[in-house]
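Hi,

Notes on what was found in it follow below.

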Amino acid sequence: MNTITLPKPDDLHLHLRDGEELSCVVGDSARRFARAIIMPNLTPPVVNVEQALDYRRRILACLPDDTEFEPLMTLYLTDNTSKDEVQRVADSAAVYAFKYYPAGATTNSDSGVTDINKVMPALEQMAQCDVPLLLHGEVTAAEVDVFDREKVFIERILAPLLENIDTLRVVLEHVTTADAVQFVTDGDDRIAATITPHHLMLNRNAMLAQGINPHHYCLPLLKRERHRQALVTAAISGNPKFFLGTDSAPHHAHAKAAPPCCAGIYNAHAAIELYASVFDAMDSLHTLERFAARNGARFYGLPLTTQTITLRREPWRIPATLRFADTVLVPFQAAQTCPWKLVEAP
Ligand code: NCD
Ligand code: ZN
């Protein structure tokens with residue numbers, strides 16, 4: 001197979017930033033994806049429906065009028081999120097979910113949840129109105145090894161949560177471990193997971209084996225090779241619980257280069273091409289459509305898109321840098337060859 005045409009996929013986990021930075025990156029996603037779940041970790045965070053609608057307008061204002069890209073907005077869950085705000089999300093046609101960041105877990109998570117017990121009333125309300133909860137699934141406890149943060153989150157927070165609120169629907173975002181894959185696979189239909197291109201392609205050696213590579217630093221961290229293989233197996237399986245979420249998270253090159261390095265990898269410039277390369281290497285291009293365009297839409301109750309994209313087997317060189325407001329960012333796989341190319345619409 002040298003070309004593949006798919007329903008235009010959905011990116012169910014995307015960071016677009018704001019202002020000039022937003023305008024530099026949003027086109028990369030809109031070319032490749034029909035819709036995207038937009039993460040709310042701006043500074044200050046997007047905490048109510050009104051702010052989400054404003055942010056949505058700013059996103060669309062960066063795109064040409066005839067673009068069909070649809071931003072699916074989310075709110076940032078805080079200790080102060082009210083049940084009324086949950087109800088407003090349920091009533092909104094543009095806001096789809098709440099994002100749970102444990103306070104201090106990752107980029108712009110200072111306003112995150114300090115204790116799950118503080119948000120139980122909001123979570124119960126979400127379950128009641130069928131608003132999904134999107135989880136940054138890592139604990140931040142000082143005694144927990146950073147490579148175990150996801151596994152321990154599942155044991156301490158996620159498993160009890162699903163028991164306590166038996167109708168809450170959750171997405172464990174950017175899963176990185178065999179433990180997470182197992183937990184999601186064994187769970188009921190209320191739980192699903194997104195998988196990023198970088199966690200499918202790289203293990204932690206890519207971050208640490210030849211000096212420290214800040215461009216491979218993201219959270220949750222890259223893990224051992226056996227975990228990467230478990231993610232690939234889940235992604236290509238066709239299992240409806242696993243779907244595409246890039247976690248594309250742009251940072252200025254200078255903010256990655258000097259300590260403390262910002263966590264986040266920008267991959268929107270080549271995301272679907274890189275996923276296609278992973279599936280192709282496993283002889284599994286036939287399941288890419290399910291992972292990229294069907295499974296996520298089904299979880300979120302969205303219709304299958306009528307737009308299509310075509311990819312061609314044609315090596316191209318990913319740029320070393322991309323413009324990012326007044327400086328540059330270093331994209332994922334910078335200066336490397338990508339074996340699949342997006343056929344641009346005429
Ligand atoms: C994300 C960012 O930069 O906003 N960073 C990351 O490493 N993934 C935040 C997040 O999703 O954790
Ligand atoms: Zn993210």
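Cys218 is buried, at a relative accessible area of 1%; buried means under 20% relative accessible area with a 1.4 Å probe, protein chains only. Cys218 is in no disulfide. The nearest cysteine sulfur belongs to Cys261, 10 Å away. A disulfide here is a pair of cysteine sulfur atoms within 2.5 Å, and the count by that rule is zero. Cys338 is in no disulfide either, with the sulfur of Cys218 the nearest at 18 Å. Cys338 is also buried, again with a relative accessible area of 1%.

Before the rest, the ground rules. This is a predicted model, where local features need pLDDT of at least 70, side-chain atom pairs count only at pLDDT 80 or more, and totals for chains, interfaces and linings use all residues. Residues are numbered from 1 along each chain as its sequence is written, chains are lettered from A and ligands numbered from 1 in the order written, and side-chain values use heavy atoms, without hydrogens or water.

Now the core. A nonpolar core is a set of buried Ala, Val, Leu, Ile, Met, Phe, Trp, Tyr and Cys residues joined through side-chain atoms within 4.5 Å. The largest holds 84 residues. Leu77, Leu123, Met126 and Leu133 touch the most other members. Leaving out residues up to four places away in sequence, Leu123 touches Leu77, Ile116, Leu133, Leu161, Ile165 and Leu168 (contact: heavy atoms within 4.5 Å). A second, separate core has 16 residues, including Leu72, Tyr76, Ala97 and Leu134.

On a 1 Å grid over the protein atoms alone, a cavity is a set of points where a 1.4 Å probe fits but cannot get out; a pocket is an open set with protein on both sides within 12 Å along at least five of seven lines; lining residues have an atom within 4 Å of a point.

There are two cavities of 30 Å³ or more.

Best wishes

Notes
Points joined across faces, edges and corners; volume = space filled by probe spheres on them. Buried < 20%, exposed > 50% of the residue type's maximum accessible area, 1.4 Å probe, protein only.
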